[in-house]
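Subject: Model for you to look at

Hello,

Here is the model I said I would pass on. Please open it before reading further; my notes follow below.

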Amino acid sequence: MLFVECALCPRWNFSKESISELVKRIPANLLPVSVPVLCSVEQAEKSLAPLKGKEFDSILVFACGVGAQVVSETLGGRVIPLLDTKQISKKNLGKLEEYCEGCDNCNIHETAGICVKTRCPKHLLNGPCESILEGGMCEAKPEMKCVWVSVYEKMKRENRLSDFVKVREK
Amino acid sequence: MVSYLRDLLGELEFAFTAETAPELGPGTDDFVKRLRALKKAKYHLVSLRGAPGYGPETMSSLAAASIARRYHVEPVIHVSCRNRNTAAIQADLLGASAIEAETVIVRSGAQNKSRNAGARPVYDLDPARAFKLVSTLNNGKTIAGEPLNQKPQLFAGGVIAVNTSPLEIELLRVRRNSMAGCDFFITNPLFGLSNLKKFLSEYERLFGEAIGKRVIMTTLPLASAEAINSLKGIPGIYVPPEVEQTINAEENKRSLGIKFAALLVKEAKKLGLGGANVISVGDPNIAVEVKERLGDL
């Protein structure tokens, strides 16, 4: 079995110790390979070149979904992702919060620096919805504050509420 | 065809709408009976919920409207941004215009909490952009800019959630919808008018526009303790404790609930609102009885 690790990104979310623990729990002879950044095709090609043409029962990939697919494209074989990939998140005290969905059209300057497309569970560009809960909490995720209430509060502080009523098209 | 509601509001005639939905399934016998009863009770229009976020996922509002049309009932269709993407909403609006069901209520739609909780919510559009879409269609173009063979005359309304806190955020949201092309407004179910009065006066103070004549006040007869309990936890709905206590202390709750609803409708008319919308939940004839109680108001 081959174990391919993306050396950079997963380290943000998993300590080196936890990776070692994970490897120990897999009862097989593993050939570990570390690639600095798997989403760079050039780096993946360079690091994985010596392994091309070799056959492995499975290739375990410790990376995001992009990294796992790059390994699959580069080496072929049966690639098994070890991680479930979440979106682009903020990490705060070990907890991940999705902050960006990579929409290719960033307009957070129009919404007080807050990405409503990602952080509002209904992805409302012109929110809030009609269902804000008591205390300004979100109807879809009652444990969190309505993102549009945060936008409103920030715009109010900055005396920019006239921006709130603009209709955002995309 | 021009929306009947547009006519009523334009002529400053107090509009009566009753809100209902077909039963779960394709059988429509009971639904048709109810439509006939509501028409006979002189409701101007019947507002047809479709696949709500809370409660059974009934047939689509547009399908129900086509049935209402067969019986010469003026329908109001509901468009929930939760349930359809832009293309599907555009398709529904064109279909609504074709069957002369041109009065439309647009809402974001509550998150799925009903029996179809596994259904994936869409939210491709939000109400503000849906109103823009309506304006585009009314100007004879699709959202892609292609010309329509005839201009619809859609008349689109949005929701006012007067119990929102802070209220200013709701004022701004409604203002945005108004500027995006929202023609009229409908409240969430109310059991008192104080928050609505405050909303309307604040709106006029902030934006220099009195919108009361374009507002339809929604209420719902609280006919049982179960009816009151079923409303608890639904966002935007607030049953004042004194109303709940009074109804619960009454032996004939149904009669008192009908009386309260009728009094609220009278108060809404006195306030100069555009109309009233009476919801019947689990008690199909209750809206008819509210109207009977109102007499020729």
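I begin with one residue of chain B. Tyr123(B) counts as buried, because it has 23 C-beta neighbours inside 10 Å and the threshold for buried is 20 or more. Its phi is positive, about 50°, although Tyr123(B) is not a glycine. The residue belongs to the loop between β4 (103-107) and α5 of chain B. Bear in mind throughout that this is a predicted model.

A second residue with positive phi is in chain A. Asp104(A), also not a glycine, has phi near 70°, and its place is the loop between β6 (95-100) and α5 of chain A. Is Asp104(A) buried or exposed? Asp104(A) is exposed, because 5 other C-beta atoms lie within 10 Å of its own and a residue with 12 or fewer counts as exposed. For context, most residues other than glycine have a negative phi, and most peptide bonds are trans.

In chain A, the peptide bond from Gly127(A) to Pro128(A) is cis, with omega near 0°; Pro128(A) lies in the loop between α5 (116-119) and α6 (147-157) of chain A. In chain B, the bond from Ser165(B) to Pro166(B) is cis, again with omega near 0°, and Pro166(B) sits in the loop between β5 (155-160) and α6 of chain B.

Now the sheets, chain B first. Eight strands of chain B close into a barrel with parallel pairing, in the order β1-β2-β3-β4-β5-β6-β7-β8.

β5(B) and β6(B) pair in the parallel sense over four bridges, and Gly157(B) has Phe184(B) in β6(B) as its bridge partner. Next, β6(B), residues 184-187, pairs with β7(B), residues 215-219, in the parallel sense over two bridges. Here Ile186(B) has Ile216(B) in β7(B) as its bridge partner. The chain gets from β6(B) to β7(B) through helix α7 (residues 194-207) of chain B, and this β-α-β crossover is right-handed. On to β8(B), residues 275-279: its parallel pairing with β7(B) runs over four bridges, and Thr218(B) stands opposite Asn277(B).

How many of the five residues of β7(B) are buried? The answer is five of five. Val215(B), Met217(B) and Thr219(B) are buried on one side of the strand, and Ile216(B) and Thr218(B) on the other, so that both faces are covered, as side chains in a regular strand alternate between the two faces of the sheet.

The largest nonpolar core has 102 residues; those that touch the most other members are Val46(B), Ile77(B), Val104(B), Ala130(B) and Phe185(B). Helix α10 (residues 253-270) of chain B gives the most to this core, with seven residues. Beyond its neighbours within four places in sequence, Phe185(B) is in contact with Gly157(B), Gly158(B), Ile160(B), Val174(B), Ile211(B), Arg214(B), Val215(B) and Ile216(B).

β3(A), residues 59-62, and β4(A) pair in the parallel sense over three bridges, with Val61(A) opposite Pro81(A).

Last, the interface. It brings 24 residues of chain B into contact with 23 residues of chain A. On the chain B side, the elements that give two or more residues are α5 (127-138) and α6 (167-180). Of these, α6(B) gives the most, with seven residues. By class, the chain B side has 11 nonpolar, six polar and seven charged residues.

Regards

Definitions and conventions:
Residues numbered from 1 in each chain as written. Chains lettered and ligands numbered in written order. Predicted model: local features only at pLDDT ≥ 70, side-chain atom pairs only at ≥ 80, totals over all residues. Contact = placed C-beta atoms within 7 Å. Nonpolar A, V, L, I, M, F, W, Y, C, P; charged D, E, K, R; others polar. Pairing = 2+ DSSP bridges. Right-handed = clockwise from strand over helix to strand, strands pointing away. Core = buried A, V, L, I, M, F, W, Y, C linked by C-beta atoms within 7 Å.
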